[in-house]
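Trainee: I am new to this structure, and I would like a close look at a single part. Could you walk me through the disulfides?

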Amino acid sequence: MTNQRVLAILSVSLAFSACAGPGAGVVDPARAEASRRNPFLDVNFFLNPEYVENVEATAKAFPAEAETIRKVKQYPSGLWLDSIAHVANIPLWLDEARKQQQASGKPTLSLFVVYDLPNRDCSANSSAGELTIAQNGVARYETEFIDVIAAHFNKYSDLPIVVILEPDSLGNLVTNMNIPKCAEARDVYVNETAYAIRKLGLPNVSIYLDAAHAGWLGWDHHRENVIKVFKKVLKAAGGNDAIRGFATNVANYTHLYNRDGMALESSDPCYNELVYAKKLTVGLADHGVRNKGFIIDTSRNGKGQIRKVWGHWCNIKGAGLGERPRAAPEPFIDAFFWVKPPGESDGVSDPSQPRFDAECGSNESAPNAPQAGVWFQSYFLNLVRNATPPL
Ligand code: BGC
């Protein structure tokens with residue numbers, strides 16, 4: 001190679017890195033390369049001591065089943081950043097992850113769910129968030145939430161991190177524009193998701209966009225429309241290489257392999273979650289979005305035939321733990337992962353409580369449920385009993 005060519009390449013790559021980085025419209029080449037790798041391969045998963053404590057408390061309360069219950073402690077689950085206040089947990093969790101990494105000598109991956117968009121949960125109520133567009137939510141989301149998370153992640157560049165962005169938000173833009181809270185969020189969800197991608201797109205962080213689930217966006221026209229929304233977000237975020245992939249079934253119950261969907265919604269061609277991921281992959285490629293991987297939340301989808309209405313989503317009775325978290329279980333799938341920590345409630349079932357959503361009082365939902373995110377011991381016990389495959 002001549003010196004001139006080396007110089008030319010150098011100046012091109014310098015120009016690249018000068019304009020890359022958060023805020024710019026280009027993804028730098030190293031990051032683009034990283035976006036083509038499955039980050040779940042060859043790592044251990046961080047085990048959150050607080051989750052382990054909840055499991056242990058349940059084991060103590062049910063001694064006859066303690067041995068089986070304790071098996072859950074060996075599996076990771078998602079770390080939810082669902083409020084500005086909870087961002088303060090990041091250094092606590094990542095210090096602990098670093099200890100686990102040092103002890104095992106193997107990279108230790110933590111999976112975060114970033115979940116605090118203004119007008120959050122716009123089509124339901126049980127997970128309504130703290131920020132609203134009307135009350136300066138956009139500025140607060142950027143400066144008090146995303147920027148602070150990015151600063152924390154930057155300090156742990158030795159740890160692999162996965163981020164799932166904003167469950168349900170982009171799906172709501174596809175099907176729920178008739179709801180004023182969602183209509184108001186149309187541009188905000190797109191722009192702020194792109195903002196989050198630009199800021200959190202650090203060398204050690206792999207980002208996945210939430211892609212709802214088969215029973216929500218499985219129909220051809222919905223898939224086509226959500227892909228258009230993804231394209232808008234990716235354009236504003238610096239291009240397709242700004243993310244590693246997509247997460248589906250987050251906090252939902254849709255089965256991986258069976259044909260539940262055929263009985264529940266016969267017009268939906270995606271009768272289970274793997275078919276949905278596959279069809280999305282094909283549709284994305286048709287739109288030029290290639291080499292992406294999927295995370296499927298298998299925290300509570302072990303048992304099929306537990307719903308009569310596919311749209312029901314709150315603490316569904318009869319659910320069981322699903323496939324164990326692991327890397328590359330199927331083609332296109334980066335990981336099965338327990339994104340929703342099994343045992344945490346989807347929403348309160350008492351109509352007199354704040355954030356009550358009628359869904360959580362449906363006849364398919366478990367009674368006596370606490371607020372979303374709060375430990376729901378009896379529900380957890382049933383997830384363990386119904387685990388498929390068994391623990
Ligand atoms: C809740 C969050 C919670 C998460 C995980 C969501 O439905 O709104 O507060 O952290 O579930 O349990």
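Mentor: Happy to! If we number the bonded cysteines of the protein chain in sequence order, they pair 1-2, 3-4. Searching the whole structure gives two disulfides, a disulfide being a pair of cysteine sulfur atoms within 2.5 Å. Keep in mind that this is a predicted model, where local features need pLDDT of at least 70 and side-chain atom pairs count only at pLDDT 80 or more, while totals for chains, interfaces and linings use all residues. Residues are numbered from 1 along each chain as its sequence is written, and side-chain values use heavy atoms, without hydrogens and water.

Let's start with Cys122 and Cys182, whose sulfurs are 2.0 Å apart. This link is right-handed, with 100 degrees about the S-S bond. Cys122 sits in the loop between strand E3 (108-114) and helix H6 (137-154), and Cys182 in helix H8 (residues 180-183), so the bond ties together parts 60 residues apart in sequence. Helices (H or I, at least four residues) and strands (E, at least two) are DSSP runs, numbered from the N terminus. Cys122 is buried at 4% relative accessible area, and Cys182 is buried at 0%. Buried means under 20% relative accessible area, exposed over 50%, and partly exposed in between (1.4 Å probe, protein chains only).

Now for the pair Cys314 and Cys360, joined with an S to S distance of 2.2 Å. Its S-S torsion is about 95 degrees, so this disulfide is right-handed. Cys314 lies in the loop between strands E7 (293-297) and E8 (326-330), and Cys360 in the loop between strand E9 (333-337) and helix H14 (377-385), so parts 46 residues apart in sequence are tied together. Both Cys314 and Cys360 are buried.
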